[in-house]
Amino acid sequence: MSKSRLAKRILDLPPYLFAELDRAKADLEAQGKEVISLGIGDPDMPTPEPIIEALKRESEEPANHQYPSYEGLLKFRQAVAEWYERRFGVSLDPVCEVISLIGSKEGIAHLPLAFIDPGDVGLYTDPGYPVYSVAISFAGGTAVGIPLKEENGFLPDLEAIPADVAQKAKLLYINYPNNPTAATADVEFFEKVVAFAKRHDILVCHDAAYTEISFDGYEAPSFLQAKGAKDVGIECHSLSKTFNMTGWRIGFCAGNEDAVAGLGKVKTNIDSGVFQAIQYAGVEALLRNGKIPEELSEIYQKRRDQVIEGLRACGLNPFVPRAAFYVWCPVPGGVDSKEFAGKVLTEAGVVVTPGVGFGEHGEGYFRITLTQGEEKLAEALARIQRVAKELW
Ligand SMILES: Cc1ncc(COP(=O)(O)O)c(C=O)c1O
């Protein structure tokens with residue numbers, strides 16, 4: 001089949017930025033060198049036992065072997081509503097304000113199909129999770145990145161968005177605690193987002209994948225705590241990082257009833273819901289395992305301290321995160337982020353992610369994940385320290 005048979009939306013995808021780094025990593029491994037990856041945000045620890053037990057139990061139940069309901073089991077949606085009330089003090093109607101997702105990525109990616117027409121603008125924060133811009137483009141929209149700048153605490157300056165762009169915008173993605181910068185936002189900021197969305201009639205999708213991983217006693221708020229948020233927005237959550245369940249593919253979307261229904265309509269035409277046994281395991285996680293995210297956060301906090309200290313010993317100046325499991329750090333030595341990541345890989349055998357991989361405004365930074373154990377982190381930091389003097 002010729003390449004020209006591919007749809008334009010695929011041909012138009014931005015080039016895969018990590019191809020060279022992946023090749024360099026494969027070359028090192030082919031030479032028998034052990035590469036330590038601090039690149040992927042996938043928890044290294046297993047899913048806690050009570051959640052696995054719930055899946056085992058429920059997978060034996062024949063009723064769970066059939067097609068699940070599109071919107072998710074009412075029991076699962078009720079568990080979400082109960083968790084929201086307890087965790088954020090936000091009331092949700094489980095019948096029409098909550099829908100299950102096959103991981104939050106799925107909901108985030110399908111949302112523009114319900115709310116973006118060709119010619120519409122979709123706004124997303126840059127640097128950011130790459131799915132936002134691609135999903136807007138797949139729906140035929142124009143994806144416009146709003147820069148996240150260090151001097152604004154990596155929060156978007158909504159007032160700086162040109163009036164004609166805001167006018168054409170139908171959707172805005174935001175994400176706090178943020179990937180990749182690990183920046184956090186307070187309810188006051190979310191209220192400014194609500195006011196902006198009301199002024200321009202924009203649907204807000206807050207990606208809340210990292211609210212449950214936080215340090216030093218900090219608790220990340222929900223977007224839905226902001227006054228009027230439910231009038232303009234939804235929030236996508238994930239059990240992936242909260243309960244070490246990335247492989248299970250379960251998340252949910254909550255908030256504005258019409259937006260939830262719109263996303264649901266797309267989904268009924270594309271997927272057939274989440275395996276019910278996994279939904280029951282999700283109920284177990286949400287209702288009876290509130291301590292797990294706290295325990296995980298304690299582990300990540302220790303790793304954070306270890307990484308911050310190690311990077312400082314290398315002469316680097318990382319931002320100290322109070323949530324999410326990422327450390328965002330300015331690139332030293334006047335090189336760009338890809339060149340820097342390439343050198344760290346070839347000279348130290350450690351994968352770090354160049355900031356430009358998250359958008360043009362990620363240039364000048366790199367990201368390290370805390371999803372490796374203490375020993376691996378120590379080894380990676382020691383390796384980087386050994387080459388630091390030569391490289392910057
Ligand atoms: C910001 C952000 N949102 C969403 C996701 C998707 O999570 P999942 O689809 O596993 O729920 C990720 C995964 O890395 C992420 O970093």
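**T371**

I started with T371, whose side chain reaches the backbone oxygen of I40 at 2.9 Å. The T371 side chain also makes a polar contact with the side chain of T369, at 3.2 Å. My cut-off for a polar contact is a pair of N or O atoms within 3.5 Å; within protein, one must be able to donate a hydrogen and the other to accept it, and residues adjacent in sequence count only if both atoms are side-chain atoms. I place T371 in the loop between β12 (365-369) and α14 (374-391). Is T371 buried or exposed? T371 is buried, at 5% relative accessibility. I use buried for under 20% relative accessible area, exposed for over 50% and partly exposed in between (1.4 Å probe, protein chains only).

Housekeeping: this is a predicted model, so I kept local features at pLDDT of at least 70 and side-chain atom pairs at pLDDT 80 or more, while totals for chains, interfaces and linings use all residues. Residues are numbered from 1 along each chain as its sequence is written, and side-chain values use heavy atoms, with hydrogens and water left out.

**S100**

Next I checked S100, which sits in strand β2 (residues 98-101). S100 has 1% relative accessibility and so goes down as buried. The S100 side chain reaches the backbone nitrogen of G72 at 3.5 Å.

**The ligand**

How many residues surround the ligand? I get 15, and the closest are D207, Y210, S238, S240 and K241. The test for near is a residue heavy atom within 4 Å of the molecule. By class I noted 5 nonpolar, 6 polar and 4 charged residues in the shell. The classes are Ala, Val, Leu, Ile, Met, Phe, Trp, Tyr, Cys and Pro as nonpolar, Asp, Glu, Lys and Arg as charged, and the others, Gly among them, as polar. Helix α5 (residues 104-115) supplies the largest share of the shell, 3 residues.

Then I went through the side-chain N or O atoms facing ligand oxygens. In S238, such an atom lies 2.6 Å from a ligand oxygen. For K241 the distance between a side-chain N or O atom and a ligand oxygen is 2.7 Å. R249 gives 2.7 Å as well, again from a side-chain N or O atom to an oxygen of the ligand. Taken alone, the ligand exposes 400 Å², and the protein buries 92% of that. These areas come from the Shrake-Rupley method with a 1.4 Å probe; for residues, only the protein chains shown count as cover.

I looked at cis peptide bonds next. The bond from D126 to P127 is cis, with omega near 10°, and P127 lies in the loop between β3 (121-126) and α6 (131-138). N179 and P180 are also joined by a cis peptide bond, with omega about 15°. I find P180 in the loop between β5 (169-174) and α8 (187-200).

For positive phi in residues other than glycine, I noted F154 at about 55° and D216 near 55°. F154 belongs to the loop between β4 (142-147) and α7 (163-168), and D216 to the loop between β6 (203-207) and α9 (229-232). F154 counts as buried because its relative accessible area is 6%. D216 counts as exposed because its relative accessibility is 53%.

**Two C-alpha distances**

E235 is in strand β7 (residues 233-238) and is buried at 0% relative accessibility. I get 10.0 Å between the C-alpha atoms of E235 and G107, which are 128 residues apart along the chain.

L203, in strand β6, is buried with a relative accessible area of 11%.

Note on methods. Helices (H or I, at least four residues) and strands (E, at least two) are DSSP runs, numbered from the N terminus.
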